[in-house]
Structures are given as C-alpha cells and as structure tokens.
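Try each task before reading its solution.

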Amino acid sequence: MPTPDATVLERRADIVEALRRIVPGEGVIVSHAERRAYESDGLTAYRQLPLVVVLPSNVEQVAAVLRYCKEFGVKVVPRGAGTSLSGGALPLADGVLLGMAKFNRILEIDYENRCAVVQPGVTNLAITKAVEHAGFYYAPDPSSQIACTIGGNVAENSGGVHCLKYGLTTNNILGIEMVLINGEIIRLGGKHLDAENYDVLGIMTGSEGLLGVVTEVTVRILPKPTAARALLVGFPTTEDAANCVAAVIAAGIIPAGMEMMDRPAIHAAEAFVQVGYPLDVEALLIVEVDGAPVEADHLIGKIEAIARNHNATTIRPSRDEPERLAFWSGRKAAFPAVGRISPDYYCMDGTIPRARLAEVLTRMRTLSEQNRLAVANVFHAGDGNLHPLILYDANNPGEVERAEAFGADILKLCVEVGGVLTGEHGVGVEKRDLMGTMFDECDLAHQERLKCAFDPDGLLNPGKVFPQLHRCAELGRLHVHAGRLPFPDLPRF
Amino acid sequence: MSRFAPDDLDELRDAVGEALAVEEPLEVVAGGSKRGFGRPLQLPRLLDLSRLAGIRDYQPSELVLTAGAATPIEEIDAALAEAGQMLAFEPPDLGALFGLPEAVAGQRTLGGALACNLSGPRRIKAGAARDHFLGFRGVSGRGEIFKAGGKVVKNVTGYDLCKLMAGSFGTLAALEEVTVKVLPRPEALSTVMLWGLDPLPAVRALSRALASPHEISGAVYIPAPSTTGLMSLPGSTAVAALRLEGPDPSVTFRRERLLAELGSDCEATSLDDESSIPFWQAVRDVLPLAGSGDRAIWRVSVAPSRGGELGEAIARRLDTSWYLDWAGGLVWAAIAGAEDGGAAVIRDAIRGADGRGTGHATLIKGSPELRRAVPVFEPQLPALAALVRRIKESFDPCRILNPGRMVDGF
C-alpha cells in the first residue's frame, strides 16, 4: 500500500473532530478496539487499522465527509459489509474508512415498473426477501448474499451462480445516486433504461470504490420462474465434463446455472454435507434449468441425453425441491468444506475460454506439485469462471508466500490462455500487481485518466486496482506534438 | 474534406495522430448508415473505418465473437445463424426510418451499433448493446492504441470501459476491434396480440405480462393510426403484442397461459413463428414511423408505467404518431409542425407535473438545422454534465474525435 502520509497521521485529532462535527454521536469510531472490526475484509490475509471510521447516515453527511477529505487531502476507503475477496475495502493507516452500514433501508418497491429503490447498505438477499411474497426476486446471487450489500455489489459488479443466464450486477441495476469526492451529488439513471449520454452508471459499476460513493441504488426485480430443476452429472475425466458443458451450450441451452467441481472439491464437499455426490468421478457437474415446468422438464431431458453422449457415469435429475436444494448444498458449502480439510485456503477467481479448461487443470496440477500445495477447483463452468482453492497452513513458515505465488501463477495462466484475472471478485489489492499481465501501460493510463475525471487528487481508495500511482498531471501529458509525427506513409484519398 | 481509410490498427493510430498534430478534427464513420444520427458535423477530416472489417474469432460454444469494428451486421448475422446463434440485443436497421438507399443501410456495422448503443425489443429481457459488449481495441483521441475488457463472457478486471464506449458515438475512441457476447437463437417463437386497447389499459396489460413468469422477450403497443406502417396488420385497430421465445413446448404452454390471463378484457389472437419474425423486425426497425416524411423522430426512455400517458400527453399538444416498445418504457414519436421538433413538449412531459419524472429523449432523426438548434441528447444537470465533459477530455483532450456530435462544443 502507499506509504502513509505522516502529516495526515499527525492531524488525526483534527480530522476526528471535523468528522464528529459532520456525523454527530456514535458515527465516528476512534478507539483501537472498535477500529479492529474494520481492519480487513473477506481477504483476511491483509490487515490494516484505519485512521478513523465514520458511519454517516444520510447523503448530506457523505457529501460533507468527502468534501472535507478533498479539502484537506485525506484519503477515503468506502466499505459496505466488508465481504470483498480481493481486499477492495482494506483500510489505509492514513485514510478515513467510510462505512455505509447505516444506509440500510428499502426506500420503495415499484412492482409496476419491476424495480426497487434501496439504500446501499441493504444486503443482496434482503432485496429478494422484500419482494418474494409478490413473486419477484433480485437475480445476481453472490455466495455472500446473506451478508454482502448492494452498494458493495455495485462497486464490485458482483456475479453469482446464476449470472450466465441473468447477468451480473451491471445488467440488473437501473440507477444510482452517488457522491463525488468534491461532494457533488449526482443521480444516474432512474426507473428507465439506458443512459442519455455517456454510460456513467456502467463505469461506476465495478469501479471498486475508486470513483465515487454510491448512496442509493435502483435495481431491477424479476418474476421468479415457476419451476427449477437440477441435474447431477459425474464424469470419469474433466475433459468429458468440459466437452459436455460445451455441447449443452452448442445445443442452444443457457442453463440458469452450470457448476463444475473437481475430485478434491467433490470429496471435501461430500465429507462435509453428505448429499450423495459420487466419489468415483473426476468431475461433477450441477446443471440447473428454470422456467415453466414444461420447459424445465424438456431441457433436463435434453441435457441428460447430451451427458450420456459424453461418457457420464452418474446422471441424477432432482425429483423434488428438497433434492434440488441438496444438490446445491454441497456446491454452496464447497468453501467451508475445504476449510475443514485445510487450516487455510486461498480462493482465486480467473476466467478462461472453456475450451482450454482441461489444459488449464492439467497445468494447475503441475503448479500444485511444484509449489507443494494442494488445490481444489470449483468452477462456474457455463461462463468459464474458475475458483481454484489453494490449501495451505499459515502456521507453516513460507506457506502463505507459496500460496500467493501459486495463486499468481494460476492467474497468469488464465491470461495466457486468453482469459482474464478476475471474473467476479475484483482486482482490489490482491490482483493489483498482476494487472500488467493483461494490460500494457497505455491501457492502464487510459483507465487511470478516467479516474482523474472523477477524483483528480487520487483520494478515493488509492492503492487498489492500479499497480502504480500516477499523478493526474503526469498522466494527462500528450506525447504527440505538431510537426513531430509527419506520417508520410498514410493512405489518403 | 480529406478522407483517411486505415487498413490496420497502426494506420488508425497514425491517422488520429496526424489529425492531432495538425489540429484537424475527424468525423469517425464505419458503414455510414447512422451519419444522420447525432448533431450534424462539418469537420475537415473523415476517418473511414470500413476496412477494419471481418470476423476474427468466433467460438460458438464460448458464446463470444471478435470482429473488426466495421464488420457489417449482415455478415455477423449470417455467421451466427449458421451456428444457431444471434446478437441478442437485436441491433435495429434504421435505413428505412432514415430513408437511406439499400446499399448504405446494408452497411450498418457492429461497431456502429455498439457506438450508438442501439438495441431492439429484446432489450427488456436480454439487455442493451452495452450489456453484450465484452472488449475492444482502438485508438483514443490522444492518438494512442489501447484496449479494455476481454474475450470471455465474465470479466471484472479494471474499469468497464466497454460501457463507456457504448453510446459514446465515436467521441472517445475510434474502435478497431470489438468482442461481443452472442447467445443461442430461440428454438421457437410466438406472439400474443391483444386488440383494441387504449394506451393506459394496454400498458397495464403489458406490465401484467412482464410481471408474470412467462419470460416475455418483446412487449410493444401500437395505437391504431400507427399500425398502418406494419405490413402484417390489418391497419385500423390498436394492438399490444407480446413475444415469447424458447423451446417449442414451453412457448406453446406460455402462449396459452398468456391468452387465458390477458384475453378476457379484449380480443386476443396469436401469431405463429413465421409471422412473428417480420412483425418484430418491423418493430425493431421502427417501421411504424418509417413513412413519416420529414417529421422529427424521437426516442424517449421513461419508467414503463408512464409510456402510455406520455404518448397521449405529447399527442394532445403536437401532431404526433407514436408507439411504445419495452413494455411502455420506450416511446417512439414522429412529430410534425413544431419549430423545435417537439423538444420542449417532450422533455417537459418526461419531467411530469411534479417535475420529478426521470427519463430522456433523443432526437433520432431531424433536419440538420433542427439537430443543430435543439439538444439531440437529453441535457444533463450541471454536475453530471461537467463530469461527462471531464470524461471526454480524459480520452480526447484536444477534441479531435467527432467533436460536437453529442454536445455542442465537445
């Protein structure tokens, strides 16, 4: 992280006092013990006590905090529920941690326009809970949905098991209210579709807290499908499983979810939840289809036939709702299940072209041997999003470093085969230094200049996403000057 | 006007770099089918991207296609059809609306559809062009080659610059190569037609259908006078139409359910597969307003429940033909006789009586004088307008790419 600014650390008392004037009462957290609750997010390998924590309860307070921080050059780290798996909400020693937990109200549910207006601290699952009695739900379903907030989902462009068919956060929100670092309050979108000019909402989604602070979100809600059925399919090789996934898509089927687990993940999950996963297979697929009952049955039949043609050794369609949920319980418990067989695990998040899956898994096994660390794989197979879980023991000297090096090698491999560093967890601190494997300096400079348009002093969540901090003035220099580039070979007409 | 037609990425960079060096802005064009959309430009240089064409990588089972930005949509549609797939956002062909000759209309390109973020009736279910735009490579107004996004369907690495490029009308970068998500073509489709409804009950019926679990992929309402533009319709009765797509047994089941649920208040019929295709293509291509001569054509995005009242409110004050797409959320209006093309009336109607209504109106077609005189794109509040200007400057500090296409002055 950037070296803490000594002058800011010295001014801590003044900063606390100024924040207390803006957010009276218990909204400013100063004591060491209470700040400890904020020292890390879901990526617990990184910890840092924030300078001070502020918990505003309305947009005016957010604007005043940001205006103050801009005026006095104080860094700000926004935070929702702190479930980021990439260190997106990791505090700064010289930065104000801006917690949005008090923005926890659902403001409006508009069934006629199929949307809900909520504050950013509302949890993802709470939105579905609020509308399910009327037959609706909010589609993106990250595994942390019981805890993660919609504001954090916007910052990270969160996905989930169902995003192959229903999209990521960016495809499911209609509008936001946000505050810029200069305290300006801006509304983007609303209950209507598409932007009137540049799609600033699209840029804000997935910007990892570097561009502004979201203070209200309008989400699309969808009618719940009448039926959902799942199919459990076991294969003797991962190649067979990967080919089956490709064949399902080639047959024109976009399942609501299509998850793959490899042998170590299957065994860990089965030992944990005992749902009857086959233990004699190398790869297990859970395929879910939804829609009208007749559609779900029709598609399950087609997928069964495709699976049989791809050497499946186990094929079990769910007979009822409890069985469907049982199929999923193993997959959903895969992370804690792995946590049971290993003291620590490190969850990675690359995306690859699916055609390269078998090759990537083979090379991952080699890397696993080289690094002397085991790996279990769960995989959003439909969209190519891999979640390798590297097993390690932080108490063994050197294992944390080996796990990180192994993780970095896996992500580089994803990029090498034509994939990307992160499918849904974000870059954050974790993958920041790997950005150079996917983007060259010029690519990154274009992104950093966009940040300058929002935050010219680089005060919002610095140290995340970009491997190097550049000053906006330096980034803005144009290297093309009149007369220096004659382009004599340019075709003209 | 000098014309530059680069053959590859390096030549594209040189063309922008030279324009920068001599400070002569470029009008960026691929097929040229949408040159009449946006504020009129009179720039010293034309940057013709049409040679940056051709499908470069297409893996149907990966649901991803990469092509030169100027690849004609027709070529892409043909390749996708062969693998049973499609561009799910249904990029419209506005050739008939603009009165373009076939040859020009046929030149609409993938990059053009993305740069204008144009989507058809399936927008309500499958998303807009921006939702299918996965990655690109191009040259910014700084004369520098850069890329963003990726070539896989799921990616959150770095800012989502594809969203920014979608709908930026070539004002930030000249795209050289684009990658889009593609989806399977539905096995079957059917259309449920509800006849003779007035606008408000029609929008309520569309809303009921969208709130049902029947996965509606198109929801349009065409008032009586506008149906004459649709060849497959009798022509004098208002119609609300709902599209169903999916596996055959599912479409049949959902059609029967919809007919039962919505058919009690009006006459309800259905269109089969074969008649549904031209109907929805006509809706996609704005054919109900295609014969509007020199009327100003507006595209108004509002909360779906407000579409019917908005159409009626505009038609009460101005000579208007109109219809609704996106379950009421998109009002297409053709306006005659108003000096400002209807801009003030339409934009007031969006704000509504309490001034709190949200939405935006875009002037899709109008004379160059009209497009110079009224804001083609919805004006923004000062803080947002200033942010948008800073974004433009971050990619194109010298205003070399399509300056004035979206907003006067930059």
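Helices (H or I, at least four residues) and strands (E, at least two) are DSSP runs, numbered from the N terminus. This is a predicted model, where local features need pLDDT of at least 70, side-chain atom pairs count only at pLDDT 80 or more, and totals for chains, interfaces and linings use all residues. Residues are numbered from 1 along each chain as its sequence is written, and chains are lettered from A in the order in which they are written.

**Exercise 1.** Find the place of B:Ser119 and decide: is B:Ser119 buried or exposed?

*Solution.* Start with the loop between helix H5 (110-115) and helix H6 (123-126) of chain B, where B:Ser119 sits. Next, recall that a residue is buried if 20 or more other C-beta atoms lie within 10 Å of its own, exposed if 12 or fewer, and partly exposed in between, with C-beta atoms placed from the backbone. B:Ser119 has 29 other C-beta atoms within 10 Å, so it is buried. Finally, list its contacts (C-beta atoms within 7 Å): leaving out residues up to four places away in sequence, B:Ser119 touches B:Phe89, B:Glu90, B:Ala128 and B:Ala129.

**Exercise 2.** Work out which residues of H12(A) are buried.

*Solution.* Locate H12 at residues 321-332 of chain A. Its buried residues are A:Arg324, A:Phe327, A:Trp328, A:Gly330 and A:Arg331. They lie on the same side of H12(A), because they cover an arc of only 155° around the axis (taken from the directions from the helix axis to the C-beta atoms). On the other side, A:Glu321 and A:Pro322 are exposed.

Key
Expected span 1.5 Å × (residues − 1). Contact = placed C-beta atoms within 7 Å.
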